[in-house]
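Hello,

Here is the structure I promised to pass on to you. Have a look at it first, and then read on for what turned up in it.

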Amino acid sequence: MAQADAGAQRRGRLEQHEGEYRARQIRLGTWVGVAVIAIGAVRVHLDWQGGPLLVAAIAFVGVAQAAMALLPWRRLVDRPWLPRALIAWWLGNLAVLLGFTAYDVAALAIYPAGVTLILASTAALASERAVISIGAASLVGYVSLVLTRDRPVTGTLAALSLALMAGVMWFCARTASNRRRLDAARLSAERRIEALLENSSDAVIAVLPRGGVTYCSPSVRTVLGYEQGFVTSDLLMDITHPDFLPVVMEWWLSVANGAPGSSARVESRIRRADGAWIYADVIGTNRLDDPSLEAAVISIRDITERKELEEELTRQAFADSLTGMPNRALFRDRLEHAIARNRRGGGRITLLLVDLDDFKLVNDSLGHNAGDQLIASTALRLHQQLRSADTLARLGGDEFAILVEDINEFEAMDLGDRLLAAIRRPLRLGNREVVCSASIGVATAKASEGEDGPDPGELLRNADLAMYAAKAAGRDRYALFDPAMYAEILREADDRAELERALADEEFVVYYQPIVDLPTSRLIGVEALVRWEHPVRGLVGPNAFIPLAESTGLIVPLGRWVLRQACQQLAQWCAEFPESAGRIRMNVNLSARQFQHEGLVEEVGQILAETGIDPHQMVLEITESLLMQDTDSTIETLGRLKSLGVRLAIDDFGTGYSSLSYLKRFPVDILKIDRSFVDGIDTENGDATLAEAVVQLGRALQLQTVAEGIETQEQWSTLQDLGCEFGQGYLFAKPGAAEAISSILGDARNSN
């Protein structure tokens, strides 16, 4: 319906333009008639001897002809009878001219000039056929005048006059034809432009510098909801949002007073006809120097969807999707503003980092929906403990940040206690009630510290260090930042860098501790143990660097290197002592990080293939506590390792509290009794009983047992009595270089 109305309006405007053109041409034609009458009046005045009545008649005709120009031709041009009336009018003028020329003996020369004027008027309004018809009538009239004259007209003059009128007739006919084609092309172009503007996404308005709208595109109805005739310069000001009005006025002055052809753009909010507010991109171009416009052309485009999308993207960029709170980026921005705001007054800024304890257990046991519910509930509880001016943000995962201004250290400690108590309150997640705790790091700084105040990144780092200190101290507590924490971090960073360098320079060495058959003391295997040949500290034991390697992930490349070295050494022994070395096994420890490494099985298989050792001689040791983590995945990995042909041992058995049902599922071959049970085996009945239980369990499950840390004859004797098969410890040999094992293997070969 709206498109039909717009089409009707477009056709109405085109018809209006056509009507105005025709009205102007009719008025021009009336003045042509007046001109013809004026020519006759001059002739009458100079050469005729007519009386007052004749002069009055001519004057009446002239006045009547002139009065026709004053008629409301704009309203009359659309009447269906007007084309026939115009032709009758032109023929009437021709008849008057013919009668005048027939009466006046000397006026024959005036006839062609009058005919020319009539044909010119006809060509401006009528069709080519009408021009030819009136031209033919004028030629017939001229011939009749020539033939009926009392005074004969020379043939040459008559022929020239006829040729002249025929030429004028042909020219005017062609002019009428060309005009018709130009009018059709113009109307077609106007229709195309109007159709394009009607379907344009921009509303185009031509505004005069001092107010007034000279043109409004049909698309204004789509963009603004107003009818074209209703749009005025006052309306454009009225529908502009008050907050944008000063900027829009300044923009309009720049457009109206700018250089010809210059453009300016502004964004505004505009009220549509239905009352809805939209965002608009407005472009104004100065066309005051264009005679066809003499106005500024304004283009208005609705950009509401784009602005809403930008606002949504901004919200997503600076707000947490789960809680709606500020995210890390927005929190950093607010922290910077708080530092700048407090710099002059020297106010204190306090930053608290809150990290939930064991949040991963909630996700793993209750699901991610429960985890999201816990995050949202914790955010609400934290918010309830804060002032309206404080900032609470979620930095990601289960970590929150709180920015508080103008509180001292004691007030920060009180806030930490209140936050911990709020988090500690029981919370129902689904069908279960859980109690959660958190670790909080607190860092404070005066905004006047330094030339530009405290560095936001440094303040966040300090709070983070304090938070990890709280976790290390037992969790469910807060910790205040101490500069010593930063020194500890630097020391750890230096140690890591040094460890990376040592790994790159291969400063590590593998020592081997014998594993013997307890009844015979015969060497049945060795355990590979890594040492660090530090260029300054000398030989460093594993306790000094293995925990750091484990925490930093460097244990993965280090463990791979140890495994390769051990396999290469075993291959060398087998080549040198094929009889004695072919019966021993090589035990290599796998750390938790190594075992969880995705490419572990492939790496072990590749090293076995490269070194060419018998996979059955390789024993991979895994701690009991590691086996109890994600048991299904652990069993799968153990099965893949077992498929390579290697044997598997549980190290430190008895300390991990594994259940018998799980132990039966693990494809292991060897149980290693932890040294803590061996230490008191000859003095404490409890340790002897536990060791005996492990031996009996291994025998029931058809597993070999190895006792670690044997240092005395009594321990050795007791373990033999309990039925333990193998053992290792200082009683037999300390860990040593490969040469020491080579000596043992050589002695065994010689004894054979």
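**Salt bridges**

Arg-221 has a relative accessibility of 29%, so Arg-221 counts as partly exposed. Please keep in mind throughout that this is a predicted model. The partner of Arg-221 in a salt bridge is Glu-227, and the closest N and O atoms of the two are 1.8 Å apart. Glu-227 is also given as partly exposed, because its relative accessibility is 33%, a value that lies between the limits of 20% for buried and 50% for exposed.

In total, the structure holds 27 salt bridges. Another of them joins Glu-267 to Arg-306, with 2.9 Å between the closest N and O atoms. Glu-267 belongs to strand 3 (residues 263-271) and Arg-306 to helix 11, so this pair ties together parts that are 39 residues apart in sequence. Glu-267 is partly exposed at a relative accessible area of 33%, and Arg-306 is partly exposed at 38%.

Then there is the salt bridge between the side chains of Asp-355 and Lys-471, at 2.9 Å from N to O. Here Asp-355 sits in strand 6 (residues 348-356) and Lys-471 in helix 16 (residues 456-472), so the pair ties together parts that are 116 residues apart in sequence. Are these two residues, Asp-355 and Lys-471, buried or exposed? Both Asp-355 and Lys-471 are buried.

**Aromatic rings**

Next come the rings. The structure holds eight aromatic pairs. One of them is made by Phe-508 and Trp-532: the ring centres are 5.6 Å apart and the planes stand at 35°, so the pair is tilted. This pair links distant parts of the chain, with Phe-508 in strand 13 (residues 508-517) and Trp-532 in strand 14 (residues 522-534), 24 residues apart. Phe-508 counts as buried at 6% relative accessibility, and Trp-532 is buried with a relative accessible area of 3%.

Trp-532 also forms an aromatic pair with Phe-545, and this one is edge-to-face, with 5.9 Å from centre to centre and 85° between the planes. Where does Phe-545 lie? Phe-545 is in the loop between strand 15 (538-540) and helix 18 (546-552), 13 residues apart from Trp-532 in strand 14. Like Trp-532, Phe-545 is buried. Ring pairs link Phe-508, Trp-532 and Phe-545, together with Trp-561, into a cluster.

**Patches on the surface**

Which residues form the negative surface patch? They are Asp-302, Glu-305, Glu-308 and Glu-311. Helix 11 (residues 304-318) gives the largest share of this patch, three residues. Glu-308 is found in helix 11 and is partly exposed, with a relative accessible area of 47%. Helix 11 is also where Arg-306 lies, the salt-bridge partner of Glu-267.

A nonpolar patch is formed on the surface by Tyr-486, Ile-489 and Leu-490, which together have about 220 Å² of accessible area. Ile-489 has its place in helix 17 (residues 483-504). The relative accessible area of Ile-489 is 34%, so Ile-489 is partly exposed.

I hope this helps you find your way around.

Best wishes

Note on methods:
Residues numbered from 1 in each chain as written. Predicted model: local features only at pLDDT ≥ 70, side-chain atom pairs only at ≥ 80, totals over all residues. Heavy atoms only, no water. Patch = residues over 30% accessible without salt bridge, like charges linked within 9 Å, V, L, I, M, F, W, Y side chains within 5 Å. Areas by Shrake-Rupley, 256 points an atom, 1.4 Å probe, with all protein chains shown as cover. Salt bridge = Lys/Arg side-chain N within 4 Å of Asp/Glu carboxyl O. Lys, Arg positive; Asp, Glu negative; His and termini not counted. Charge placed at Lys NZ, Arg CZ, Asp CG, Glu CD. Helix = DSSP H or I, 4+ residues; strand = E, 2+ residues; numbered from the N terminus. Buried < 20%, exposed > 50% of the residue type's maximum accessible area, 1.4 Å probe, protein only. Phe/Tyr/Trp six-rings, centres within 6.5 Å; stacked < 30°, edge-to-face > 60°.
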